[in-house]
Structures are given as C-alpha cells and as structure tokens.
Amino acid sequence: MRTVYVNGEYLPETQAKVSIFDRGFLMADAVYEVTSVLDGRLIDFDGHAARLARSLSELEMQNPLSRDELLEIHRELVRRNGIEEGMIYLQITRGAPADRDFVFPDPDEVKPTVVMFTQNKPELADNPAAKRGIKVISIPDLRWSRRDIKTVQLLYPSMGKMAAKKAGCDDAWMVEDGFVTEGTSNNAYIVKDGRIITRDLSHDILHGITRAAVLRFAREAQMEVEERPFTIDEAKAADEAFITSASTFVFPVVEIDGVRLGDGTPGPVATRLREIYLEESRKSAI
Ligand code: PDD
C-alpha cells in the first residue's frame with residue numbers, strides 16, 4: 001500500500017481523506033504538477049515548482065509550501081514508497097469551505113488542500129511506446145482559454161484520450177482555428193527538413209517543463225527550432241513528429257489521423273532527443 005501526503009501528514013492511501021466540500025472536488029478549483037523520478041531522483045524539480053507557483057498566483061491562490069518544503073515532501077514520498085522510476089503527483093486546491101459557494105472563500109479562514117502521491121512506473125525510461133512510436137488522432141480543442149495554468153480541469157483531455165482509444169490510437173492532438181495547440185497531456189512537435197517546429201508559448205498551451213528542456217538541448221545540439229503554430233495537414237506531410245511531457249519524456253509519433261509519417265517508425269530526431277533528454281536529466285536530477 002502506498003504512503004501518500006495530505007495536508008502535512010503521511011498516511012496509508014486508504015486512510016487519506018479530503019472533505020466533500022473541497023473546491024477541488026466540487027469546482028475543479030485546483031492546480032497540479034507531475035514530476036518524474038529516475039534512479040530515485042527528481043527530474044526538472046525546480047521547473048515544476050516554479051510553474052506551480054505561477055499557476056497558484058494566476059488563480060489568486062496561496063502557495064502553502066516553500067520550494068524547500070516541497071522538495072522535502074517529494075523526496076520523503078520517494079523514500080517511503082521506494083520509487084526508483086515513476087511519478088510524483090501533486091495537487092493543491094483552494095480548500096474546503098463550510099458550504100458550497102461560487103465565491104472564493106477568505107484565504108485567511110480556508111487553507112489550501114495539498115495532496116501528493118507516488119505512481120510506480122518501472123518502465124518509464126525503457127518504455128515500449130518510445131520504441132514503437134504512438135498514433136494520434138486530431139480533435140477540436142474545446143478547453144477553456146487559459147491552458148497555461150495547470151488546472152485539474154481534465155475532463156476534455158480525458159475525453160480526447162477516450163476518442164483516441166476508440167479509434168485504435170494512443171492520443172489526440174487538439175486543433176483550434178486550424179492549428180494544433182497541443183496533445184491532451186503533452187506538447188506537440190513536427191520535424192520537416194531537419195527543423196523542429198512547435199507552437200510558440202501563449203495562453204493557448206501549457207508551458208511544458210519538458211518542452212523547455214528539450215528545446216534547450218536541441219539548440220545546444222545545433223538543431224534548428226521554429227516556435228510557431230502548424231496545421232494538421234502540415235503535420236501529416238512532416239518527416240517525423242513527437243510529443244513531450246514529464247510522464248513520456250519524448251515519444252515519437254508515427255501516425256496522424258491514419259496517415260503514416262515517413263516509414264511509420266520512430267524518426268531520428270525524436271529518437272536522438274529522447275536519448276539526450278534522458279541522459280541530461282539523469283545527470284541533473286536531484
Ligand atoms: N501533463 N500540455 C498539457 C495539456 C499537459 O497536461 C502536459 C503535462 C504537458 C507537458 O508538460 P510537462 O512537460 O511540464 O509535463 C503539456 C501531465 C504529465 C499530466 O497531466 O499527466
């Protein structure tokens with residue numbers, strides 16, 4: 001049984017409790033982060049901590065934990081659960097007022113709820129999907145327009161994954177005004193003539209922590225990067241494609257809406273970027 005963290009306490013998962021009036025539960029009034037663990041150490045921790053602080057501040061929520069307190073809890077959960085490879089999930093809600101109310105509670109009276117738990121994934125680095133590549137479908141992007149805030153409003157992404165599954169695919173890329181925004185839980189990229197193309201940062205997409213690292217490594221390796229929106233037609237005509245996120249690192253995309261990219265196997269750019277990302281992340285893990 002896992003040991004999880006709830007509001008200052010480490011508890012067996014079956015004993016951890018949150019109020020039914022919690023605004024995370026009633027209103028999706030909560031933000032989250034997912035940080036991966038390799039070799040028992042945290043990948044890109046500071047990026048996730050910084051984005052968490054930003055998400056909270058954009059929603060006028062208190063940040064109940066300092067960077068060092070946050071790190072300590074992450075490490076304690078890794079230790080208590082013996083995680084070598086996997087993820088740490090963190091969620092902070094606006095707390096549980098005495099009753100349901102649309103108006104935000106007074107932050108001096110209602111404290112945020114903090115929940116954290118581990119997910120053990122022994123095949124995180126050595127993932128078969130990374131070797132075979134994934135298939136994606138395209139769907140309209142029907143989410144709200146502040147996707148740069150990492151809120152727990154995950155119903156539409158969840159529906160997108162279900163639509164992909166029904167179509168015999170692995171994930172969905174979302175399209176708005178003719179251009180790809182991102183994957184349901186990852187950032188989206190195409191490669192054409194050696195150039196990496198991915199949507200530029202704005203309120204339209206989540207500012208992926210893995211994205212930032214991968215683009216930095218790509219530039220350091222003298223690869224050309226173009227940050228601009230691209231269409232699904234452009235993606236179908238690309239030489240290769242890939243996604244990035246804390247839980248996948250880099251996954252090659254080998255098919256989009258039934259159209260095979262190249263020879264239908266993972267492309268060299270995605271494969272190389274995955275190798276570099278894993279190597280560099282292991283080195284800088286804390
Ligand atoms: N998802 N875009 C969306 C919509 C995401 O939900 C995520 C992360 C990303 C990639 O961000 P990062 O590289 O910081 O993980 C992009 C997490 C992994 C999840 O929901 O499980």
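## Largest pocket

The lining of the largest pocket takes at least three residues from domain 1 (3-120) and at least three from domain 2 (128-284), with domain bounds that come from an automatic or database domain assignment. The model is predicted: local features need pLDDT of at least 70 and side-chain atom pairs count only at pLDDT 80 or more, while totals for chains, interfaces and linings use all residues. Residues are numbered from 1 along each chain as its sequence is written, and side-chain values use heavy atoms, with hydrogens and water left out. A pocket is an open set of points, on a 1 Å grid over the protein atoms alone, where a 1.4 Å probe fits, with protein on both sides within 12 Å along at least five of seven lines; lining residues have an atom within 4 Å of a point.

The volume of the largest pocket is about 1100 Å³, where a volume is the space filled by probe spheres set on grid points joined across faces, edges and corners. Its lining has 47 residues, and those nearest the centre are Tyr32, Lys161, Thr184, Ser185 and Asn186. By class they are 19 nonpolar, 16 polar and twelve charged (Ala, Val, Leu, Ile, Met, Phe, Trp, Tyr, Cys and Pro count as nonpolar; Asp, Glu, Lys and Arg as charged; the others, Gly among them, as polar). Elements that each supply at least two lining residues include β3 (30-38), α2 (45-58), β9 (179-183) and α6 (209-220). The most comes from α5, with five residues.

## Second largest pocket

The second largest pocket holds about 160 Å³ of space. It is lined by 13 residues, with Ala130, Lys131, Thr271, Arg274 and Glu275 closest to its centre. Seven of the lining residues are nonpolar, two polar and four charged.

At least two lining residues come from each of α4, β14 (249-256) and α8 (268-284). Here α8 gives the most, with five residues.

## Overall build

The protein chain has eight helices and 15 strands, taken as DSSP runs (helices H or I, at least four residues; strands E, at least two) and numbered from the N terminus. Its radius of gyration is 19 Å, close to the 19 Å that the globule rule gives for 286 residues, so the chain is as compact as a globular protein of that length. The radius is taken over C-alpha atoms, and the rule is 2.2 Å times the number of residues to the power 0.38.

Of the 286 residues, 51% count as buried, meaning under 20% relative accessible area (1.4 Å probe, protein chains only).

Methods
Buried means under 20% relative accessible area, exposed over 50%, partly exposed in between (1.4 Å probe, protein chains only).
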